[in-house]
Every structure is written in structure tokens, then in C-alpha cells.
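Please take a moment with the sequence and the structure shown below before reading on.

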Amino acid sequence: MSKLSVDLQEGFQNDTVRVRVDDAAALEREGLSTRRQIGLAARLELEAPEGSFVLHVEVPTRALATSERLDAARGAFVGVNITAGGKLELRVQAKEFWYA
Amino acid sequence: MSDQQKAKIAADERDGEQREGTSLAVEVSGTYVCHPFNPHRAASTDAALSESANDDAAGLDHELAQLLVASDSGEHTLVRPRSAAQPAREGSEAEVAALEEVERASIGVPIPLTARELRLDVDGRYPQMTASGNFSAPGRPDIHWIARLKAAGPFRWVGRIWYQHPATPLFAYSSVVIQVTPSVYAVRRRARVTFLAPGVRALTLNYRFHSHFFHRFEFEADQVTNAAITLDIDTGAHPNRPPSLPVERLSIREVYRRAGFDTRRRAGNQIDVGGAGANGTWSESEMHDAMQVHWSRFANLPQWSMWVLFAHMHDQGTSLGGIMFDDIGPNHRQGTAIFTGAFISQAPAGETAPAAWIERMRFWTAVHEMGHGFNLAHSWQKEHPADWGTPWIPTPNEVEARSFMNYPYSVSGGETAFFADFEFRFSDSELLFMRHAPPPFVEMGNANWFENHGFEQIVRPARSGLGLSLGVNRKRALYQFLEPIVLELKLYNHAQQRRTVDANVLSNPEALTVIIRKKNGVARQWRPYASYCLQRRPVELRPGQFIPESLFISAGTNGWDLSEPGDYTIQVALKLPTEDLVSNPLALRVAVPQSRGEERLAQDYFTDAVGRALSFDGTRELKKANDALNEVVVQLSDHPAAQHAKIALAMPMARQYKVLQDDHSFFGQAAQVEEAGKVAKEALLDSKDESAETLGHVDYAYYVDRFAGLLEAAGDKRSAGELTRAKQSVASSRRALDADIDHVLKTAPDAAAAE
């Protein structure tokens, strides 16, 4: 297993977020709101399998969901954003996100 | 002249001589204050105004005339553009006649406004070609205006006023002409501003130069003993920089001076955390407490002053380089922190100039966090839905901006690309906000962070004469718990001329933005369950006529925005092809539950299904919704919610109802007109005035017509007649409440036909 960091970033306002890795429920958090001055609502630390897996992110409070196939070797840091247009977007990178 | 005044003039002349010695052109941007001998508008005599008018007519040029024509819609007497082949000559007869034409159309109502300041932004660092200023009026908030300028001659600018706060008819001007009398000596510098609008008496005011800056600002940088501090930077230390970037020692103070602020840094304190033990990181509340103890200027007041703490690390750890932590309590944005133990002090592997990288990141972070203190959002947060907070004006995102407010890693090409073009500045839209937004939006400790950017204040009064009114169908905007909230929206023609509008414009949710803000809560945008694409239906509104529409705003795809007891403010913006209209803010209250029964029903009532059933006038398929509505009818028969429930239960029964089946075929359920009529009569006749109050007169009339027609078609003419008479009786009652509603209900839909 490897560590996966999922940052819930822009657009959250008292929302519920469910995260699954492949078909296993990983985490559910309620009442999440973005702190605008840093652009971050919460950081979720997960265990992910080595190699390829599918990350599912769902925001039931807005009827939004998305998923993406990831490879821990290529990127273990995921940023999740609800765009101004109401879409759920994932951004994956190999380096930790930072905030200011 | 006092010695102090003489000394000031002498110092100013030295400054002027230095400027002359360096052959610099005179810069005239900065703050001007209204001359004390100005005849302000209340005291103005016709003679004084005529004199001003004649003087200013000398410069009323072709461009201004075009501007006035272009910015108006024909209802006023206009200054006609002169032929380009006959350029205006200074003081020409034609120019005087042009301005006199404005004067003749004047309504000339004296209003006691007193001019205060003028901020002129046309040269110097990052000119925004903007002027702004304010007027005060007795017992009212200051009126703030902003105009976009174009050069119209030497030290002369013209421009349209595009922003006014608050929206008030007291200030009716639409354009400005600014003539500056330049001088290398600041004390001799003057600005003369003529405010103009077709149909309104021109107003000319004299201002004297006060400062090269737009506001004063000070900050105090305190340092925790285990943290580093960076207050300035060598811009040439890192090799990745724009080739044109001046190599200099640049301080935070100088960055904010270049942004237009007369910036001073107060001596800071050292904060010893030796007693903190193992807990070496900082939480928001710890920083807020420290601010109150260590900041020498701390006060629970708005003031152009900020506390900047250089600490080692936040509780969040190394991923947080800094934060404007002060969104706590009544006075936000007074305190920021920079964490020099965070990533900003960890140069990436392979970095060729690690020390310079660290200094630059610390410097960038400090200026960035202080920018939040000025109420600046991140570059990508400017274009956002209302429930993120309210922007001061609609502003596009600047995801690629090389601004202090953008994250370097967020741009295309990442941090390397960012710093290759970064000129250590704020973007133009940020500078516009900092320099020219109403000062309470920017001043630390004033408007809340990310809030109060004045949705209700962003739009000037409509120049077309159209207005948007939001109201309720009762004397007090008090709603019972569970009671669906139906508001009345009216598009008025306040002008003296007829106006053509789309009769369906208020029925198009795409054109409407409805903001709901619970007291002490965040603003949310009402999102209706459905959008309708309606054919445009032009109608002419005569002066004083309006188009009404009801708004059921209790529920939508956001859920039940108005379910909780408490105080709410609601405001609506309407997008028309030529302008945006903003309604009055409407305050309403939702009462607390009056019984255990109401509380118990709430669990099944405040659901998406019930929200849809009420919004779409009922359903035969959402069984749980119908069960909940039946429970309301049975258990709360005298409650206003029961009237809505009865309508939602009766409407689907009133006609043959198509049900989509699993095999994708439709099954038609027979109409039950008799049963529907019985329920509808209970809802619309038994307590007709109460029903009209909770359903709203617009919807009440609609439902009565609908059921009366159905009952008549089914042969029950007696019941149909009862309903029709009830509507007339309710309309009579409404006339006593609001004399114009009946007029509107009768005339607005037929306006086109009547013409």
C-alpha cells in the first residue's frame, strides 16, 4: 500500500464528500467548506494499492461525481475542485500541493 | 500664512524643483480633496452654475458628446455630436450651445450633496485610467462613484461613470470631464470635475491636490523568535526573472506604495515562544490572541493598518506558507501570518539558487497574505457562484496572471514560467479594486473577508428607466415555519416614455440571479429546479406599468434554502439585453416552529421530492411527497403550508396525467376533476384572503382561473362562478393593501394588445 493525499480545494460549501479507492469505501466527510484564503477545505490521507487503481470522488450534496484511474508511482497528490461552472475536477501531481 | 504652511510650500517647491531638475513630466495621479470654497450643490445658485457651465463648455468636446449619446437611450435631451469635420474650438459658440442644451433639460432639483475626495489614476505606476470619488449626504452613507477615463486633451479626461455605491437617485450623473491644472508644485495642482447627465443640471467642482497616493496604509511586522523574517528582496538575486525587471532592493513597503498606498512600516516586536513547550505550531485562535496582545495598533475597529506575523509553522504543517488568519470576530482582515518553517523555506531539489529562491518565496508569501488583508481573492477565485461569497463587481478569473495573488505552481508551465514573467506587482483588476473600490470594501477591519463586496451595490440605477422591485404579499415579511415562500417580482417602467420589454423576461431563470443570505450566514444563489426557454414576446410598458411574476424560492436544486427559522435577506438581479437591474434587498423572517407537530412534519417535508412537488404544482408519482403533503393537510389544516399542499395535491388530479412507465411508454391516468375541484375550492375559497396571502396574488389568480375553467368545462358552472367571484373579492382586498396590483394584473399582460 502507498499513501494517497486527496486535497479538497475550491468550491466546497457545507458539502459531503465520499471517496472510494477501486470499489472500497475509503472516507466520507460532511460539512466541508473551502477556506477561501488558502483555497483548501480539507486534506484526506488514504491508503492506495501499489500500481494502478481508480479513485472515485462523490459530492452527494451537489449530485456530483467523478473518477480517474491513477498510478501511485506517477502521482500521489490529488486536488479536487468544484468549478464555478459546477463541475467536479481532479488535478493529479507528484508533488504535494501547497497553500498560502 | 502660518509658518507651518510656509514650510509646507517651501518643501513642496523643493520637491518640484527636484522633479524639474530631473526633467520628469508632471504626474497628476493621486488623491484630491474638494476645495472648501466650492459651492456645493445645495448652496449652488443658478449664477454659480451658469458660470461653471460656461467655463466647462469650453472643453466639452466631440468625444464627450459622443460618449453622452452612446451612453443614453433616447429618453433625455442629448448633446449631439458635432461633425468631426468641424472640430470644436475652445470656447466656441457651438460648445456653449451644446452644454446649454443639457442645462435647459435640467430638472434642477437641489440635493444637499457634499463632495469629498477625487482619486485620479491616469499616470504614474500602473495607471488604471480611472477616476473615483465620493459625496456625502446628510444622514446617508457616502455615495461612491467610479469612472473609466479617456484622454481628451492635455491634462483633460472624459469618462462614463460605470459604478455607483449605493444605488441612489440622489446621484444621477453619468459622465465626468476632468481638467487638471498641472504644476510641479503639488500645492498648486488643481482638478476641476464636471459631472454631467442628460436631463440633469451639470455640476462643476474644484479639487486641490492632496497626495500622490490613494490611501494611507501601515503595517507592523512582528517576528516569533524561532522564525525568519523577510521584508525586502534583491530582485536580481534569482536568475529566473523577466529580462526587463529592474534589479533593485525591493521592500514590501515599496510594493504597496507602487500599488497606490502611502505605506509606512511600524517598528515590530519580537515574540518569545520559549514557554510554548512541545506545541511549536500555530492555530488561528492562537494567532488571533497573539495579535491582540502584541500588535501595538490592535483595535476592534476598521483602520488602514495590518499586523504581519512571521512565525515558524502553522498547525497544518509545511504545506501552508502563510495565511490571512483573521476571519474571526467582527473585524476581519487585520492579521496575516507567514510561516518560514514551511515549504517556502525549502528550495526544491536541483534549484540553482536556493537562497534566492527562499527569499523570493518568503517575500512573495508576505505580500500575498497582506493582499488578502486588502480583501483580494486569489487570481482564480474572482469568477465564482454567489455561495462562495459576493464579488464587488463581476470580474473574470486571471488564472495565468503574474500577480502576487496567484499561486506560482498554478499557471501553465508552473513556477518557472510564473517567475520568468513576474514583475512583483498586482494585476490591473486588483489595483482597480484596491485604489477605487469603496474604501470600506478594502480597509482592514471593515467589510468581512470575502463578504460584503456589495452585490446590492454593484449596479447603478437603471438609465433606461426600468426598475426591478421585490416584495411580499403581506404587510410584514414574516413566514411561518414550513410555509413555502412566494415572492412578488415586478419589472417597472419608471420612465416618462414607453419601454418595450420581453413579457416573459421574469419567467426566464437564466436571466434571474436570486441571492439568499441568512443573517450571519453566507450568501447562496437560489437554483430553480427547471429552466424554461421561452419565445421572446415584446410588449410595451406605459409609464408606471409593470410586469409581475411570482417567485417560489423556498426550494431548488440547492435544497430548501429558506427552511430554517431566522432572518434572511433576498435580492434579485435581472439581466436584460442592454443592462442589468438589481432589486431592492428584501428582508424576511421565518418563524420558529409553533408545535411539536410542525417539527415532526419537517423531517418528511423539507425533502427534494416535496420541494419539486410544490415547485411543479404537484405530482402523481412522487408518493412520499404526496404522503408528506397529505400529512400537512390533515395535521396542520389551518397552517398556510396546507394551502400550498392542497393546490399541489389537486392540480395533478385536475387533468389526465401521463406517467412514464418502465417500458418507456406513457400511461394516462384519468382526470379526477370533481375531486380536484373539491380540494381546490377548500384551498382557494374557504379562507380566500389567507390563501391569496400565502400563495401570492399572481399565483392565486392563476390557480383560480385554472380551476374555474376546468370546473366550468366539467359542467360545474356554480363552482366556477364561486371561484371567479372569490378572485374579484381578493383583488378588492389587495387594492386596499396595494392599489397598483389590480391595475397591473389587468394591464401588463395585455399591454401589447392594448396598444
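The model is a predicted one. Chain A has 100 residues, of which 49% are buried, and chain B has 755 residues, of which 54% are buried. Between chain A and chain B, an area of about 2200 Å² is buried.

**The two chains**

- Chain A contains 0 helices and 8 strands, so that, by the DSSP runs used to define these elements, its pattern along the sequence reads β-β-β-β-β-β-β-β.
- Chain B, in turn, contains 20 helices and 31 strands.
- When contacts in chain A between residues at least 6 apart in sequence are considered, 53% of them join residues at least 24 apart.
- For chain B, among the contacts with a separation of 6 or more, residues 24 or more positions apart account for 68%.

**The interface between chain A and chain B**

- The size of an interface is often given as the accessible area lost when the parts come together.
- Of the area of about 2200 Å² buried between chain A and chain B, carbon and sulfur atoms give 53%.
- Arg36(A), Gln37(A) and Trp98(A) together supply 36% of the area that chain A buries against chain B, which is more than any other three residues supply.
- In terms of contacts, 19 residues of chain A meet 34 residues of chain B.

**Helices of chain B**

- Helix α9 of chain B covers residues 428-436 and includes Phe433(B).
- Phe433(B) counts as buried because its relative accessibility is 3%, where the cut-off for a buried residue is under 20%.
- Although Phe433(B) and Asn375(B) are 58 residues apart along the chain, their C-alpha atoms are separated by 9.0 Å.
- Helix α15 of chain B, residues 673-684, has 12 residues that should span 16 Å at 1.5 Å a residue, and the distance of 15 Å between its end C-alpha atoms agrees with this.
- The buried residues in α15(B) include Ala676(B), Gly677(B) and Val679(B), and also Ala680(B), Ala683(B) and Leu684(B).
- Helix α17 of chain B, residues 697-713, has 17 residues and reaches 24 Å from its first C-alpha to its last, close to the 24 Å expected at 1.5 Å a residue.
- Among the buried residues of α17(B) are His697(B), Asp699(B), Tyr700(B), Tyr703(B), Phe707(B) and Leu711(B).
- Just after α17(B) comes Gly715(B), which takes a positive phi of about 95 degrees.

**Cavities**

- The model holds 4 cavities of 30 Å³ or more.
- The largest cavity holds about 70 Å³ of space, and of the 13 residues that line this cavity, the closest to its centre are Thr235(B), His238(B), Arg241(B), Arg360(B) and Phe424(B).
- By class, the lining of the largest cavity divides into 7 nonpolar, 3 polar and 3 charged residues.
- The second largest cavity holds about 50 Å³ of space, and its lining residues include Gln480(B), Phe481(B), Leu482(B), Glu483(B), Trp560(B) and Phe606(B).
- The lining of the second largest cavity has 7 nonpolar, 3 polar and 1 charged residues.

Methods. Residues are numbered from 1 along each chain as its sequence is written. Chains are lettered from A and ligands numbered from 1 in the order in which they are written. This is a predicted model: local features need pLDDT of at least 70, side-chain atom pairs count only at pLDDT 80 or more; totals for chains, interfaces and linings use all residues. Side-chain values use heavy atoms; hydrogens and water are left out. Helices (H or I, at least four residues) and strands (E, at least two) are DSSP runs, numbered from the N terminus. The expected span of a helix is 1.5 Å times one less than its number of residues. Buried means under 20% relative accessible area, exposed over 50%, partly exposed in between (1.4 Å probe, protein chains only). On a 1 Å grid over the protein atoms alone, a cavity is a set of points where a 1.4 Å probe fits but cannot get out, and a pocket is an open set with protein on both sides within 12 Å along at least five of seven lines; lining residues have an atom within 4 Å of a point. Grid points are joined across faces, edges and corners, and a volume is the space filled by probe spheres set on the points. Ala, Val, Leu, Ile, Met, Phe, Trp, Tyr, Cys and Pro count as nonpolar, Asp, Glu, Lys and Arg as charged, and the others, Gly among them, as polar. Contact means heavy atoms within 4.5 Å. Buried area is the accessible area (1.4 Å probe) that two parts lose on being put together, summed over both.
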